[in-house]
Amino acid sequence: MSSTDAQWARIEPLLPDRTPRRSGRWRDHRQVIDAIAFKYRTGTPWMDLPEHFGSWKGAHIRLRKWARRHLGAPVHHPARPGRRRRRPRLDRRGRLHDHPRASARRRGPSKGAPAGEPDDHALGRSRGGLTTKIHLAADSRCRPLAFVLTPGQAGDTPAFPAVMARIRVPRPVGRPRTTPDVVLADKAYSSRAIRPQLRQRGIRAVILQPSDQAANRKRRGRLGGHPPAFDREAYKRRNTVRRCINKLKQWRGLATRYDKTATIYLAGLHIAAIFIWSAR
């Protein structure tokens, strides 16, 4: 996968200066970006990158440097007091199957991991095994605005404030916009903590109320209060989030996580987001 001239014209200003700090030939940013995009688009291992992309080590090292300098703490890791660690499972012969993601979760932070990398690398046990959950916000044109990574078993509601806090939409003049006009979310985000928070910031909430919450409110009678406002026509536009997720799933290296650290995986998500934003 190679970037077009129009895409590169929008990507190049986002990258640091090309001037090398040490003596030696500086590798072109565009070749590195194309190599990283090809790796995540196809799910190819780093060592199997085509030769025309140059050294795979150089592309991987450049990605790690960019992730360490510009992304900061990559995950939202809610406190889980009193949680017990699960023992690794052995097969019938008593052998432990070593997997890069499983071993990363057992050993804790890898050597040289950037600041903000959690002990579990945003990996958790869910029905599908070791998984990572991606919480994101998207605009009306199916373009991602913010990413937050949590372990696979984490809930959606605790990560909502972190996603909202990372929304930054640049404007021609003034500070970036951080407050959307409306939030379209499914019933998983219908909680007493989220609705007042949106109301306080002046954001209209279009969130479907679960049936159990509605039944509980009716059971309380007058004490239950009025049902929250819900715009069915506006809620139909929530499919933009699903369409944004479908765009990310086209990147095989992101649909199936192959990275050991959450920081590098989040950097790959940002690379995909840059290409989605720069597409016509």
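1. Start with the loop that joins β2 (129–138) to β3 (144–151): Arg141 is found there. Keep in mind that this is a predicted model. Arg141 has a relative accessible area of 55%, so this residue is exposed; the cut-off for that class is over 50%.

2. Arg141 also belongs to a positive surface patch. Patch residues must have over 30% relative accessible area and no salt bridge.

3. Cys142 lies in the loop between β2 and β3 as well. Is Cys142 buried or exposed? Its relative accessibility is 3%, so Cys142 counts as buried. The limit for buried is under 20%.

4. Check the backbone at Cys142. Its phi is positive, about 65°, although Cys142 is not a glycine. Most residues other than glycine have a negative phi.

5. Where does Ala122 sit? It is found in the loop between α4 (100–107) and β1 (124–126). Ala122 counts as buried because its relative accessibility is 1%.

6. Now turn to helix α11. This helix covers residues 262–278, and Ser278 lies in it. At 7% relative accessibility, Ser278 is classed as buried. What does the side chain of Ser278 reach? It makes a contact with the backbone oxygen of Phe275, at 3.2 Å. A polar contact requires N or O atoms within 3.5 Å.

Definitions and conventions: Residues are numbered from 1 along each chain as its sequence is written. This is a predicted model: local features need pLDDT of at least 70, side-chain atom pairs count only at pLDDT 80 or more; totals for chains, interfaces and linings use all residues. Side-chain values use heavy atoms; hydrogens and water are left out. Patches are made of residues with over 30% relative accessible area and no salt bridge: like charges are joined within 9 Å, nonpolar side chains (Val, Leu, Ile, Met, Phe, Trp, Tyr) within 5 Å. Accessible areas come from the Shrake-Rupley method with a 1.4 Å probe; for residues, only the protein chains shown count as cover. A salt bridge is a side-chain nitrogen of Lys or Arg within 4 Å of a carboxyl oxygen of Asp or Glu. Lys and Arg count as positive and Asp and Glu as negative; His and the chain ends are not counted. The place of a charge is taken as NZ of Lys, CZ of Arg, CG of Asp or CD of Glu. Helices (H or I, at least four residues) and strands (E, at least two) are DSSP runs, numbered from the N terminus. Buried means under 20% relative accessible area, exposed over 50%, partly exposed in between (1.4 Å probe, protein chains only). A polar contact is a pair of N or O atoms within 3.5 Å; within protein, one must be able to donate a hydrogen and the other to accept it, and residues adjacent in sequence count only if both atoms are side-chain atoms.
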